[in-house]
Amino acid sequence: MKNKQLIEKVVAAFCNTHQKKPIVIYSPGRINLIGEHTDYNNGFVFPAAINKGIVSGIEKSNSEKCTVFAMDANELLEFSLDNINPIKNGGWKNYVLGVVAEILKTHTIERNFNIVFSGNIPVGAGLSSSAALENSIVFGLNTLFNLGLTKEEMIFISQRAEHTFANVKCGIMDQYASMFGQENAAIFLDCKTLESTIYPIDFKDYEILLINTNVKHSLDDSAYNKRRAVCEKIALMLNVSSLREVTEAQLDQIKSQVSSADFEKALYVIQENNRVLEASKALQKNELNVFGNLLYESHSGLQHQYKVSCEELDFLVEKAKENPNVIGARMMGGGFGGCTINIVKKNELVEFRKSITFAYYKQFFQQCSFYSLRLSKGTCEVKI
Ligand code: GLA
């Protein structure tokens, strides 16, 4: 569904239920060109917001409780502001509750409120529908109650919500990209300082194509948190605040004190950070081939060293590599399923899709999906 229709749908549903027009917030999902699992190591990432997102309608209410209605899941959440706790296996509800709980740690929400939301981000595809939802809630409440939060404060609230209520110790990339995205551009972000550089993205004869494996192996959260813990342990052994501060030579000095699996993971992070820097230089110089090769190298590191890939993702990247019309590809996001990002020659797109559809089905007896995207603006209020 197009964003315009999505907005109309949410507004209509809100008016229908609450007899009032809401404030409307649009918050996008994200892709990431390169720099995976580097954000929580204070490293570099290269994400962009996309033209698929979450639309939330929000208004104050006089009722006894706050309500949040998820149109797509057809689920209603009701809660009191003075009693907010995570819900076991609560899914989307924990992102909302987490954001509200985090806001209440430092600010007062003076009244109850109603929210209705819906989205067009494929769920489970690794496009950060959770960050989009969190950002839409915090942005909406900030606007509605004049909380005076800056965008930076808002993304940290969203991130902490995910840590405390969803138990995923995520970095800041998703929330940052969703909040600060810009049209037709990607963001080179230093996660240590939050300094960013905007890169207009125009791959000329090539374009970005996402391929969704349509699998989500039970990762997940625990595997993610374990990876983070390994990185933190090694940083501690090296007496630095994060792996961002470490060179390969320094890591080598403790090689005998760590398992080879942990060593490879830390090495991956150091090398991936360097790849993001190289990738930004390649884009500046319009060296698309260099950029593409870095994507392939990134995937290889995620597959063999960091071990967060899966056979479906590896298969798609292998197929891309075999195809002369693809310049680079890799798995994207946390891993264990979701999408690959591919840089594909525009006028060969149809053929490429055809051949992948066929090969993927033959291998896994399952369909994959394709998304062509536009890079888009970040979280904002939509005037209706
Ligand atoms: C998930 C997390 C991000 C980031 C990526 C991996 O999307 O939410 O913070 O760590 O995985 O790069």
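Modeller: A polar contact is a pair of N or O atoms within 3.5 Å. Here an N or O atom in the side chain of Asp174 is 2.6 Å from an oxygen atom of the ligand. For the side chain of Asp39 the corresponding distance to a ligand oxygen is 2.5 Å, and a polar side-chain atom of Arg30 lies 3.1 Å from a ligand oxygen. This is a predicted model: local features need pLDDT of at least 70, side-chain atom pairs count only at pLDDT 80 or more, and totals for chains, interfaces and linings use all residues. Residues are numbered from 1 along each chain as its sequence is written, and side-chain values use heavy atoms, with hydrogens and water left out.

Colleague: Which residues are around the ligand?

Modeller: A residue counts if one of its heavy atoms lies within 4 Å. Among them are Glu36, His37, Tyr40, Cys170, Met173, Tyr224 and Gly333. The shell divides into 4 nonpolar, 4 polar and 4 charged residues, with Tyr and Cys counted as nonpolar and Gly as polar.

Colleague: Where does the ligand lie relative to the domains?

Modeller: Domain bounds come from an automatic or database domain assignment. Domain 1 (3-200 + 376-382) and domain 2 (206-372) both give residues to the shell, so the ligand lies between them. Their C-alpha centres are 26 Å apart.

Terms used. A polar contact is a pair of N or O atoms within 3.5 Å; within protein, one must be able to donate a hydrogen and the other to accept it, and residues adjacent in sequence count only if both atoms are side-chain atoms.
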